[in-house]
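Subject: Structure for you to look at

Hello,

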Amino acid sequence: MAGLELVSATRCFGGFQKVFKHHSKTTKCDMKFAVYLPPQAETQKVPVLYWLSGLTCTEQNFILKSGFQRYAAEYGLIVVSPDTSPRGCNIAGEDDSWDFGTGAGFYVDATEDKWKENYNMFSYVTQELPQLVSEKFPILPGKQSICGHSMGGHGALICALKNPGMYKATSAFAPIANPSICPWGIKAFTGYLGTDKETWKQYDATELAKVYDGPPLHLLIDQGKSDEFLPTQLYPDNFVQACRSNNVPVILRNHDEYDHSFYFIASFIGEHFKHHSDAMKL
């Protein structure tokens, strides 16, 4: 495929799990993304689900640990899993901490001088990557949805809330739902966006839900009640309250004894795929 370098391809549940590399105009560096092509994609166009991963992840974590491929094959969904940040941009400090810089793009378009040249993950996942995917793979027009975990759950929520009608459904596992008030979010937003907290609202799902005015989002959130980050980093109840204040339907399911790990994701990923598949048929 012109413009894409195939990194790997492996048969899985009758389809192919592939990884590609390309040079991104948005992040101005080489980016990797994974694509699962279900058996149905060999003969027809099918819907696409975008998965956004969390802090420290690459395109590899989800495809190796979640077991999603059996459900993608069952429901006939192409699944695209991008990396979580630009890499190797030679920005001073980009590798200094695990929760900022490399592996922690937070799905925003940076405005601070140091980061704005490369750290434009919001535009990458909502514009450049979908355009590339639609050109290179058998995507059914108008049939895409989005899902993510933790930082990626935050990303999925804001992508949907900021682009009404773009996604048929949205779901998240343990999302950072109110980043303006949690340590991870405050660190990221200060670094990428500056100190004016008003500007943070454009990337805070709880704030965006308060003013959302668009078609149904078909929102599903799963949260483990034994998640160590729940009390100080995630704030899903704030998001649900904001949705309800603006009559935005949302389902929040709390699960006893589940934590923040991929064991949690793997336990419920099949239900998320059914959620997305059902919405794609509407």
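A pocket here is an open set of points on a 1 Å grid over the protein atoms alone, where a 1.4 Å probe fits, with protein on both sides within 12 Å along at least five of seven lines; lining residues have an atom within 4 Å of a point. This is a predicted model, in which local features need pLDDT of at least 70 and side-chain atom pairs count only at pLDDT 80 or more, while totals for chains, interfaces and linings use all residues. Residues are numbered from 1 along each chain as its sequence is written, and side-chain values use heavy atoms, with hydrogens and water left out.

The second largest pocket is lined by His22, His23, Lys25, Thr26, Glu128, Gln131, Leu132 and Glu135. Strand S2 (15-24) and helix H3 (121-136) are the elements that give two or more residues to this lining; helices (H or I, at least four residues) and strands (E, at least two) are DSSP runs, numbered from the N terminus. H3 supplies the largest share, 4 residues.

The largest pocket has 14 lining residues, and the closest to its centre are Leu55, Thr56, His149, Ser150 and His260.

Tyr75 is in helix H2 (residues 69-75). Tyr75 counts as partly exposed because its relative accessibility is 25%, between buried (under 20%) and exposed (over 50%), with a 1.4 Å probe and protein chains only. Beyond its neighbours within four places in sequence, Tyr75 is in contact (heavy atoms within 4.5 Å) with Gln40, Gly270, Phe273, Lys274 and Ser277.

Regards
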